[in-house]
Amino acid sequence: MFVGSMLFGLFFGAGNLIFPVHMGQQAGSNILLVTLGFVLTGVGLPFLGIMALGVSKSAGLFDLASRISPSYALVLTVLLALTVGPAFALPRLGSVSYEIGLAPFISPQHGTLALFIFSVIFYALSLVFSLKPGKILLWIGKVLNPLFLVFLAVLIGVAFYHVSNFSSFGPVQSDYASAPFVRGFTQGYNTMDALGALVVGIVVIDALRSLGLKTPSEITCGLLKSGIVAVLLMCIIYFCLSYMGAYSLAYVPLSANGGIALAQIAKGLLGTGGGILLAIIVTIACLKTSIGLTSSCANIFVHLFPHSVGYKTYTLIFSLISLAMSNISLTQIIILAVPLLMFLYPLCMTLILLSFLAPCFQNARSVYVVTTLFTVVAAFGDALNNLPPALHDSAGVQGILALYHQLPFFAIGMGWTTPALVGFGIGLVVAFFSRRTQRA
């Protein structure tokens, strides 16, 4: 239970709070299908990612991705650690904490200074807790996460208590009018949890080992049990948050992002008290995730580059970078993160799925390599298609995208699926003939 609580705490941070609410506001009457799609990538994939490390008996992401090649594993691991670490996810934690928790109480002319001061305090606290990785199970699983759940339950309970008509939704926004399930599926990318699962998985494995689980089968069983606890909590809260957003348009306007939406909902329901309650919820949520990600990323770089600086120095470096990045606006961080997420998610999804299917093709390297090669090419198109408008609309990018638009499902952000399946099939054929040649 405590490891499951810790796992939930590591996952459930900034994006997990803000995206479901904003998604709910835009989904309108399509809320059920959108949320189901969101849960599939926002909950199902992180769970599979954690289990992939156990089933494959891997020591971590680098070990798992090395089945393709050590060079690819190094690049993927570094990109992934930076994305869920100091480049995007960690700065977003500080930005969300400030924008939702403190910004409503600060006059606009003092906003820049207030954000800087808040960021310094936030990342200093995160750094202090991160310096003792052996205490993460205690601080996150037994202290911060239970507190977070209690406060969040109060806000959700009040929100649903004030709903007068449970069939009254706002209008469906244009992005959610067609293929709502797929739209929710791709929105689940924004939580970064499937990526984070491969990064923080080793922290969970270490926590299980500290509780006396030693053999691969014991660790896999422990991952399954703790994963179920985290999955149940996440599913319940995601549905509550998305429906809370859908009903909120009765008393607040459609917002620019989920951070603004949460602040408006809390203030609309409870006034100043709601703002204070939300500030506590968001700060705890983001702090516990920041601690886990800082520790995980530092551990990864120590293992990848053992002759570089030590663990404590990496935690300091990542905290300082996150501090600097967090002073960019939340909306801008999200815009910058989306193209990279659209590139990395397909690579991680195929790696996770291949680790489960490995017994079917006897762990043949050709299947890993060819599937990944086809996926990389297709995922690059998805990344280009989600660039900021100034780059997306340029002649060069549009020329390349004209080719990618020939792929099935590319228009809905799933253009990688067909190439990945083709690559998987070719890889199986190559593996089959390679085994026949070896026998001959």
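**Helix packing and a nonpolar surface patch**

In this predicted model, helix α5 (residues 70-87) packs against helix α10 (residues 193-210) at an angle of about 105°, and their axes lie 10 Å apart. Angles of 65 to 115 degrees count as roughly perpendicular, and α5 and α10 are therefore roughly perpendicular to each other. On the α5 side, the residues that meet α10 are Leu-80, Ala-81, Thr-83 and Val-84. Their counterparts in α10 are Leu-195, Gly-196, Leu-198 and Val-199.

Helix α1 (residues 2-11) packs with helix α11 (residues 216-248). The angle between α1 and α11 is about 50°, with the axes 7 Å apart. The two helices are therefore oblique to each other, and their crossing is right-handed. From α1, the contact is made by Val-3, Gly-4, Ser-5, Leu-7, Phe-8 and Phe-11. From α11, Ser-226, Gly-227, Val-229, Ala-230, Leu-233, Met-234 and Ile-237 take part.

A further pairing of α1 is with helix α8 (residues 136-161), where the axes come within 8 Å and cross at roughly 70°. This angle makes α1 roughly perpendicular to α8. The α1 residues that meet α8 are Phe-2, Val-3, Ser-5, Met-6, Phe-8, Gly-9 and Leu-10. In α8, the residues met are Ile-136, Leu-137, Ile-140, Gly-141, Lys-142, Asn-145, Pro-146, Phe-148 and Leu-149.

A nonpolar surface patch of about 540 Å² is made by Leu-113, Phe-116, Ile-117, Val-120, Ile-121 and Leu-125. One of these residues, Ile-121, is found in helix α7, which spans residues 111-130.

Methods. Residues are numbered from 1 along each chain as its sequence is written. This is a predicted model: local features need pLDDT of at least 70, side-chain atom pairs count only at pLDDT 80 or more; totals for chains, interfaces and linings use all residues. Side-chain values use heavy atoms; hydrogens and water are left out. Patches are made of residues with over 30% relative accessible area and no salt bridge: like charges are joined within 9 Å, nonpolar side chains (Val, Leu, Ile, Met, Phe, Trp, Tyr) within 5 Å. Accessible areas come from the Shrake-Rupley method with a 1.4 Å probe; for residues, only the protein chains shown count as cover. A salt bridge is a side-chain nitrogen of Lys or Arg within 4 Å of a carboxyl oxygen of Asp or Glu. Helices (H or I, at least four residues) and strands (E, at least two) are DSSP runs, numbered from the N terminus. Axes are lines fitted to C-alpha atoms, for helices over the stretch in contact, and angles run from 0 to 180 degrees between N-to-C directions. Angles under 35 degrees count as roughly parallel, over 145 as roughly antiparallel, 65 to 115 as roughly perpendicular and the rest as oblique. A crossing is left-handed if the near helix is turned anticlockwise from the far one by less than a right angle, and right-handed if clockwise. Contact means heavy atoms within 4.5 Å.
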